[in-house]
Amino acid sequence: MLDFAVAAYEGKETGEQALLRKLFSHLQDGDILLGDANFENYFLLALLLQAKADVVFEKNGARHIDFRKCDQKPMALT
């Protein structure tokens with residue numbers, strides 16, 4: 001463990017994702033961020049990709065993922 005953040009919940013912008021955003025400046029290329037399904041969202045993943053950090057998040061139970069299609073590359077945007 002390289003860093004962590006703890007704070008009392010006091011409404012908007014004080015939850016777990018807000019605490020994680022405060023740690024972005026500490027992430028370095030090759031760091032691995034481990035989180036639960038609360039962190040599995042597109043915008044957060046995009047920010048972490050920009051920081052060049054690897055991530056491991058639990059899949060949100062409401063999302064359906066067909067792992068048989070994971071070897072297919074997405075179509076290029078035109």
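Buried means under 20% relative accessible area, exposed means over 50%, and partly exposed covers the range in between, with a 1.4 Å probe and protein chains only. By this rule asparagine 41, at 19% relative accessibility, counts as buried. The model described here is predicted; local features need pLDDT of at least 70, side-chain atom pairs count only at pLDDT 80 or more, and totals for chains, interfaces and linings use all residues. Residues are numbered from 1 along each chain as its sequence is written, and side-chain values use heavy atoms, with hydrogens and water left out.

The protein chain contains two helices and two strands. Their order from the N terminus is α-β-α-β. Helices (H or I, at least four residues) and strands (E, at least two) are DSSP runs, numbered from the N terminus. Helix H1 spans residues 16–23. Strand E1 covers 32–35, and helix H2 covers 42–50.

Along the principal axes, the C-alpha atoms fill a box of roughly 40 × 30 × 30 Å. Of the 78 residues, 21% are buried. Contact means heavy atoms within 4.5 Å. Among contacts with a separation of 6 or more, 18% join residues 24 or more positions apart.

The protein chain exposes about 6900 Å², and carbon and sulfur atoms supply 57% of this area. Accessible areas come from the Shrake-Rupley method with a 1.4 Å probe; for residues, only the protein chains shown count as cover. The side chains include 9 positive and 12 negative ones. Lys and Arg count as positive and Asp and Glu as negative, while His and the chain ends are not counted. The centres of the two sets lie 8 Å apart. Each charge is placed at NZ of Lys, CZ of Arg, CG of Asp or CD of Glu.

Helix H1 supplies several buried residues: Ala18, Leu19, Leu20 and Leu23. Their cover includes strand E1 and helix H2. Alanine 5 lies in the segment before H1. Beyond residues up to four places away in sequence, alanine 5 touches Leu19 and Leu23. The C-alpha atoms of alanine 5 and leucine 20 are 7.3 Å apart, across 15 residues of sequence. Alanine 5 itself counts as partly exposed, at 30% relative accessibility.

Asparagine 41 sits in the loop between E1 and H2. Leaving aside neighbours within four places in sequence, asparagine 41 is in contact with Gln17 and Arg63. Its C-alpha atom is separated by 8.9 Å from that of asparagine 60, 19 residues apart along the chain. Glutamine 28 is in the loop between H1 and E1. This residue is exposed, with a relative accessible area of 54%. Not counting residues up to four places away in sequence, glutamine 28 touches Ala51, Lys52 and Ala53.

Backbone angles come next. Most residues other than glycine have a negative phi. Glutamate 13 has a positive phi, near 65°. Glutamate 13 lies in the segment before H1 and is exposed, at 52% relative accessible area. Lysine 52 also has a positive phi, near 60°.

The structure holds one aromatic pair. Tyrosine 42 and phenylalanine 43 form this pair in an edge-to-face arrangement, 5.5 Å centre to centre and with 80° between the planes. Rings of Phe, Tyr and Trp (its six-membered ring) pair if their centres lie within 6.5 Å; planes under 30 degrees apart count as stacked, over 60 as edge-to-face and the rest as tilted. Tyrosine 42 is exposed, with a relative accessible area of 64%. Phenylalanine 43 is exposed as well, with 66%.
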